[in-house]
Amino acid sequence: MPVAMFMERFLPAVTTDRRNRLSSTNAFKNVPNRADKPAGIYEPLFAALSKQTKYKSRCPDYVFDKSIDRSIRRSRLGYAKPHICCFPSQHLPKIQQANRLSRIELGYAELFIQVTSDPQADPFIDPGPDLDSTALDAYDFLRDFSDEALYQETERSFGSHIAFVTEIFARQQRLFVFTVSMAGSLARFFRWDHAGCIVSQAFDVRQYPDTLAEFFWRYSRLSDGERGHDWSVQRATLEQEHLFRDMVKEYLGLQLELTGEELERALVTHYQAGHVAVVRVDTQESLPNDEDPHFFIVSRPVITPLHLEGRSTRGYWAVNAKTREVVFLKDTWRTCSSKEREGDILRHLNELGVRNVPNLGVHGDIYHCMIGYLGFMQETTTHKFSNEPWALRLNEQDVSVSKRRHYRMVTHSAGYSLKSVRGTEELLHAAYDVLLAMKDALARDSRIHRDLSVGNIILVKEPGRTIRRGYLIDWDASERVDDHGESLHAGRAGTWAFMSIRMLDMGGDKQKHTFKDDMEALLYVVFYCAVFYLSHNLTMWSLTRLNGDFFDRVEEYEGTYGGHGKEANALSRRHINSVQFGSAGLKEWLETVMNYHSPPRDRCEEYKDMWDPDRLEAYWSHFLETHTLERDDRLVHRVSRAALFHTGSDSLGPNPSPSPRTPSPPKRGLDEVDSSHGEGRPAKRQRRSGAEPPSPPGVTETEANANETASAPPHTTLRRSQRLRDQQHRSEQPAPSHSVSGPKAPTAGRARKRLPRTRSRK
């Protein structure tokens, strides 16, 4: 977007009174065109931005801070901080006193500036002024790199930029965020929302100092809402905070059967003193005895968004400010193209009597409450500019941006993730509850869930039940089926780790989902919980191999596909046979249900047509009635961090929710079982896909928890020159097959190969 258009569209001049604006003449003359290190750019830039007199400054009421100086390991992902952050003046003392290991800066930052030392390290390159419309339509905005070192620097810097924005969205209640990048003395403005990003043209701050100075002065004149803060979330009063703490603590005691210090420790998952907010939920339809809007008190989310673009879902235990009931509040950004909102689906399932799904409270799209926006929904803006003449191609593809709308839904079922399962008995009973929900939804609404996963099943303790009930949640990906039992639309849906073999196979992205795909996903959910949260013999390395091969592996060859480990297990029981579970009943259930799904060759007649919803339910029900299962055999296992760091995966294994304290049997260890790969597959590239990434704790206000840490930045794909791409292609050709004796090194995916260094042509 042209710089002048960016300023007028997003930072309009709201006043002509510029008496407190510091002169911009030669303001950034000490910022060099390029430097050997980023410090050569951000040090003089920081000095120029921080300059002020008694009555004038660059950004009145805000201060700039070299956040990078408080990075303990500034070059290490997860520890690095932006080079310069801009804060409201009153927050700087808190930040300076915080633990340097934290990234509290991103909980308070209004915006930040990320710096690279070389103008050529800008991932984008603007078109020339003389290009006609035809040339502009074909122009690619991503820079084509011919120097490997420069490519690596740019990829890391812009990846960090994206990661910092993602963390701001996770820590703060934001509709959008502004940032600035500096490549040498070239600056760009960014406006990020939950659908994408708008990038300004580059300009040289040495030649056009007034542009950067005007940006910060205008920014300081904007209201909270105009800077991207969500006005439908307000700080709770002290009385409301005490109400939240007391109600959640009481509910926790019932759910986890805890008292005393153990209960106080569990409370920390949901409550942080001084960080409590009141969230507004608007409804668009009139209900009996309904009041609009509704207000709910929240503190720490139990679900935090880890991705920049998309639904950006948060989940909270919340307290109804009027009734004092503890409920679950889901905050998300839904696609406007969807004909059904999740709350509409859930209400219909409730009306039809579908068992073991949450009971809907209230739901609705969220209205703006800023003056000038009253009556308008909170929606993303990026999509509005997709067809502008300055909107350029990226990676040789036209940019497609979806429109998203802010949506909240409240249900009466607040529980814990299936990851908190306390033992074999609870796992198999809760999963059986989910099967009943699936069957009811199919029989009564011709609907399949399409996203069976560990994260979409919660456990709720109910009066009269010794075992927590399993509830199937997150119905926003669900869809009705036709007369053939297939979803109305083709394509993969759900969580990669738990998708069926059929949907993961080549061409699965063109297949239509069926109920049996959901049944298979439920089997994998049970297996996942069994290997991560129950007693068995696998060592960390063996579990790392199993996790990578069975759940996380992604193949790339003329498309994206997977399921190789699941297919091998279906044919030969490769993975299930490598595990000796502490529970004989669990082993029996897994082997039997896997036989139902894919009978061994010598037992095909015995299990013919057994992979059927009614037959599975009949077996499962009889199994639970006739078996006494272990109640407290929970034992948490983790995969190797070293292997995951090597492969670049975000998934560090299980991130269990609090569960009742139970004794755990000692872990038994046996020799590792090698899981060598089968033959007959085409040569391919492999990578890891984190299916259930850990959710870092979050906050609900601008302030952030000083002890939080953030995930590594997402992989950012930039453009290499054709010469570099050819060299990469040659380096990735498969070597001749050969056998190696001895144990196989644990593998969880393919590490990204380092490309040969090349010199750019002058």
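1. Let me start with a residue worth a look: lysine 566, which sits in helix α15, spanning residues 564-572. Keep in mind throughout that this is a predicted model. Lysine 566 is buried, yet it makes no salt bridge. Glutamate 520 is the nearest side chain of opposite charge, and it is 6.5 Å away; a salt bridge would need a nitrogen-to-oxygen distance within 4 Å.

2. What does lysine 566 touch, leaving aside residues up to four places away in sequence? The contacts are Trp496, Ala497, Phe498, Met499, Ile501, Leu504, Tyr524 and Phe550.

3. Stepping back to the whole chain, the secondary structure comes to 19 helices and 26 strands. Of the 762 residues, 56% count as buried. Among contacts with a separation of 6 or more, 73% are between residues 24 or more positions apart.

4. Next, the sheet. Seven strands make up an open, antiparallel sheet, in the order β9-β10-β11-β12-β13-β15-β14. The edges are taken by β9 (233-235) and β14 (360-365); each has a single partner strand, so one side of each is left without a neighbour in the sheet. From one strand to the next, the twist averages 35°.

5. Strand β12 deserves a point of its own. On one side, β12 (residues 314-320) pairs with β13 (residues 326-335) in the antiparallel sense over six bridges, and arginine 314 stands opposite aspartate 331 in β13. Two bridges join β12 to β11, again in an antiparallel arrangement; here asparagine 320 of β12 is the bridge partner of phenylalanine 296.

6. Is β12 mostly covered or mostly open? It is mostly covered, with seven of its seven residues buried. Arg314, Tyr316, Ala318 and Asn320 point one way from the strand, while Gly315, Trp317 and Val319 point the other way. Both sets are buried, the charged Arg314 included.

7. Helix α8 (residues 238-256) lies across β10 (277-281), β11 (294-298), β12 and β13, and runs at about 105° to β12.

8. Now the nonpolar interior. In soluble globular proteins, nonpolar side chains tend to be buried together. The largest nonpolar core here has 73 residues, and Phe527, Trp589, Leu590 and Trp620 have the most contacts inside it. Elements giving two or more residues to this core are α10 (342-351), β15 (404-411), α11 (424-445), β18 (457-460), α13 (515-533), α14 (540-552), α16 (584-597) and α17 (613-626). Which of them gives the most? That is α13, with 15 residues.

9. Not counting residues up to four places away in sequence, tryptophan 620 touches Leu428, Ala431, Tyr432, Leu435, Leu522 and Trp589. Apart from this core lies another, of 42 residues, with Phe10, Ala48, Cys86 and Phe203 among them.

Definitions and conventions. Residues are numbered from 1 along each chain as its sequence is written. This is a predicted model: local features need pLDDT of at least 70, side-chain atom pairs count only at pLDDT 80 or more; totals for chains, interfaces and linings use all residues. Side-chain values use heavy atoms; hydrogens and water are left out. Helices (H or I, at least four residues) and strands (E, at least two) are DSSP runs, numbered from the N terminus. Buried means under 20% relative accessible area, exposed over 50%, partly exposed in between (1.4 Å probe, protein chains only). Contact means heavy atoms within 4.5 Å. Two strands pair if DSSP finds at least two bridges between them. Axes are lines fitted to C-alpha atoms, for helices over the stretch in contact, and angles run from 0 to 180 degrees between N-to-C directions. A nonpolar core is a set of buried Ala, Val, Leu, Ile, Met, Phe, Trp, Tyr and Cys residues joined through side-chain atoms within 4.5 Å.
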